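Hi,

Here is the structure I promised to pass on. Have a look at it first, then read my notes below.

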Amino acid sequence: MSDRGGITDGEADDLGATVAALTADDIQPARRRQLLTRMVGQARARGISDLFKPRAAVRWMVDTVAEIAPHVPVRDLDTLRRHFPGLDDAALADRLVRNASRTTAAIGAAGGGVAAVEWTVAPTLLSAPVLLAAETVAVVAVELKLVGELHEIHGVALPSAGSQRAVALLHSWATQRGVNPMVPGVGVGAVLGTAARKELREMLLRRFGRNLTTLGPFLTGAAVASFLNRRATQQMADQLQVDLRRRGIARPAPPTALPGPPTGT
């Protein structure tokens with residue numbers, strides 16, 4: 001087991017599993033709040049400090065997003081068509097964007113609900129920056145999953161290796177453009193040491209600032225964070241798909257599904 005800057009592989013795997021669970025679009029609100037609270041606890045266990053300083057918060061988020069990216073579950077096209085039978089590519093993309101937007105909205109609402117408790121117990125306000133950072137990472141994970149699955153739908157190939165796929169997803173999310181299969185693969189650390197790291201950092205800083213609305217008094221923060229998360233996810237997906245449609249390949253529509261209820265929502 002390696003130790004990267006005091007963070008063991010086991011700790012990264014545990015956090016990755018929590019974040020992966022948060023990306024599901026069919027979990028109950030109470031379960032989502034539980035997972036977000038667990039994620040805050042896992043973040044605290046890492047000895048986080050100085051998250052009141054924006055630079056420190058964004059540095060932590062960049063490192064954490066890079067660690068959890070390989071754990072984000074991305075369904076391939078065949079799996080997506082099994083989950084959502086009878087939908088052509090355009091309808092399937094619309095369904096995924098809708099579901100992801102609802103999920104990030106729900107994460108914003110869950111974060112606001114947790115923050116409402118923080119407002120009632122003054123000493124726990126010290127954990128507010130950790131909550132904001134955790135919520136931001138969770139939202140990014142949902143959008144990374146969406147990025148990967150939109151690439152599948154549009155026929156734009158992603159690297160098959162876990163670390164290479166993670167790099168491609170991160171770069172695509174940060175730039176809101178499709179991956180370029182002609183660019184040779186490099187490690188996560190190498191990519192995040194280039195201009196892509198600057199793009200990722202700036203994107204995360206904007207998201208972190210937006211998530212400050214979570215700290216609104218009582219449940220007003222939940223409502224605003226929910227709305228802003230939904231809108232940001234939709235805007236990201238719309239911009240990405242403009243580029244993916246240009247890069248993608250045309251495919252025939254899937255065969256008509258046999259009668260029966262869809263397995264996806």
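A quick definition before anything else: helices (H or I, at least four residues) and strands (E, at least two) are DSSP runs, numbered from the N terminus. With that in hand, the order along the sequence reads β-β-α-α-α-α-α-α-α-α-α-α, which comes to 10 helices and 2 strands.

Please keep in mind that this is a predicted model, where local features need pLDDT of at least 70, side-chain atom pairs count only at pLDDT 80 or more, and totals for chains, interfaces and linings use all residues. Residues are numbered from 1 along each chain as its sequence is written, and side-chain values use heavy atoms, with hydrogens and water left out.

**How confident is the model?**
pLDDT is the predictor's confidence in each residue, from 0 to 100. The average for the protein is 74, and 61% of the residues score at least 70. Among the elements, helix 4 (residues 77–83) has the highest mean, 94, while strand 1 (residues 3–4) has the lowest, 42. The pLDDT stays under 50 over residues 1–8. It is also below 50 over residues 115–126.

**The inside**
I call a residue buried under 20% relative accessible area, exposed over 50%, and partly exposed in between (1.4 Å probe, protein chains only). Of the 265 residues, 49% count as buried. A nonpolar core is a set of buried Ala, Val, Leu, Ile, Met, Phe, Trp, Tyr and Cys residues joined through side-chain atoms within 4.5 Å. The largest one here has 60 residues, and those touching the most other members include Met 39, Leu 146 and Trp 173. Helix 6 (residues 128–154) gives the most to this core, with 15 residues.

Contact means heavy atoms within 4.5 Å; leaving aside neighbours within four places in sequence, Leu 146 is in contact with Leu 96, Val 97, Ala 100, Thr 233, Met 236 and Ala 237.

**Helix 7 and what follows**
Helix 7 has 14 residues and reaches 20 Å from its first C-alpha to its last, close to the 20 Å expected at 1.5 Å a residue (the expected span is 1.5 Å times one less than the number of residues). Its buried residues include Leu 169, Leu 170 and Trp 173.

So which residue has a positive phi although it is not a glycine? That is Gln 176, with a phi of about 60°, just after helix 7. Most residues other than glycine have a negative phi. Gln 176 is in the loop between helix 7 (162–175) and helix 8 (188–191), and counts as buried at 13% relative accessibility.

**Charged pairs**
A salt bridge is a side-chain nitrogen of Lys or Arg within 4 Å of a carboxyl oxygen of Asp or Glu. The count comes to 4. In one of them, Asp 89 pairs with Arg 81, the closest N and O atoms being 3.0 Å apart; Asp 89 is buried at 18%, and Arg 81 is partly exposed at 21%.

Another joins Arg 177 to Asp 243, with the closest N and O atoms 3.6 Å apart. Arg 177 lies in the loop between helix 7 and helix 8 and Asp 243 in helix 10 (residues 220–247), so the pair ties together parts that are 66 residues apart in sequence. Asp 243 also forms a salt bridge with Arg 246, at 2.6 Å between the closest N and O atoms. Asp 243 is buried at 6%, whereas Arg 246 is exposed at 58%.

Cheers
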